[in-house]
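This report describes one structure for a reader who has not seen it before. Please look at the sequence and the structure first; the description follows.

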Amino acid sequence: GAMPGAAVHFRSKAVLEEEFGFTPDNTLLGTSFCPDEINNQERDIGTKMRRYWGKVFPMGGISGTPYVGETGFVAFSSHVPKDGNI
């Protein structure tokens, strides 16, 4: 069984904060969710993560693989807070 989005968000948030010092102020969330409408509903993990982490850089993609190419990754990294995390 798959875990609910809320559980995945809670667990990943705990690890990122407690073990690596990520905070909403020093982190840019990059997403590569499939753009289908089913992945953009209120209860989905992407929505929960965006609400918590704040800024998001959407990279498009299917099955979690980002489709932005080299230029997209350069653009993504240029938005990361100084001394921040991606």
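## Helix 2 and its buried side

Helix 2 is followed by Gly54, a residue with a positive phi, near 90 degrees. The model described here is a predicted one. Helix 2 spans residues 45–53, and its buried residues are Gly46, Thr47, Met49 and Trp53. These residues lie on the same side of helix 2, because the arc they cover around the axis is only 165 degrees.

What do the buried residues of helix 2 pack against? Their partners are helix 1 and strand 1, the latter formed by residues 29–31.

## Helix 1 against helix 2

Two packed helices are described by the angle between their axes and by the distance between the axes. For helix 1 and helix 2, the angle is about 35 degrees and the axes are 9 Å apart. The crossing of these two helices is right-handed.

From helix 1, the contact is made by Gly5, Ala6, Val8, His9, Lys13, Leu16 and Glu17. From helix 2, Ile45, Lys48, Met49, Tyr52 and Trp53 take part. Sorted by class, the contact has seven nonpolar, two polar and three charged residues.

## Two residues of the contact

His9 is found in helix 1. Is His9 buried or exposed? His9 has a relative accessible area of 10%, so it counts as buried, the cut-off being under 20%. Apart from neighbours within four places in sequence, His9 is in contact with Ile45, Lys48, Met49, Tyr52 and Trp53.

Leu16 also has its place in helix 1. Leu16 is partly exposed, with a relative accessible area of 27%. With neighbours within four places in sequence left aside, the residues in contact with Leu16 are Gly21, Phe22 and Trp53.

## The salt bridge

How many salt bridges does a search of the whole structure find? The search finds one. Glu17 forms a salt bridge with Lys13, and their closest N and O atoms are 3.9 Å apart. That distance counts because the cut-off for a salt bridge is within 4 Å.

Both residues belong to helix 1, which covers residues 5–20. Glu17 and Lys13 are four residues apart, so about one helical turn separates them. Glu17 is partly exposed, at a relative accessible area of 25%, whereas Lys13 is buried, at 17%. Glu17 and Lys13 are also among the residues of helix 1 that make the contact with helix 2.

## Loop residues

Cys34 lies in the loop between strand 1 and helix 2. Its relative accessibility is 18%, so Cys34 counts as buried. Cys34 and Val8 are 26 residues apart along the chain, and 17 Å separates their C-alpha atoms.

Where is Thr65 placed? Thr65 is in the loop between strand 2, residues 56–58, and helix 3, residues 69–78. Thr65 is partly exposed, with a relative accessible area of 40%. Not counting residues up to four places away in sequence, Thr65 touches Ser32 and Gly60. From Thr65 to Phe33 the C-alpha to C-alpha distance is 8.0 Å, while the two are 32 residues apart in sequence.

Notes:
Residues are numbered from 1 along each chain as its sequence is written. This is a predicted model: local features need pLDDT of at least 70, side-chain atom pairs count only at pLDDT 80 or more; totals for chains, interfaces and linings use all residues. Side-chain values use heavy atoms; hydrogens and water are left out. A salt bridge is a side-chain nitrogen of Lys or Arg within 4 Å of a carboxyl oxygen of Asp or Glu. Buried means under 20% relative accessible area, exposed over 50%, partly exposed in between (1.4 Å probe, protein chains only). Contact means heavy atoms within 4.5 Å. The arc is that of the directions from the helix axis to the C-beta atoms. Axes are lines fitted to C-alpha atoms, for helices over the stretch in contact, and angles run from 0 to 180 degrees between N-to-C directions. A crossing is left-handed if the near helix is turned anticlockwise from the far one by less than a right angle, and right-handed if clockwise. Ala, Val, Leu, Ile, Met, Phe, Trp, Tyr, Cys and Pro count as nonpolar, Asp, Glu, Lys and Arg as charged, and the others, Gly among them, as polar.
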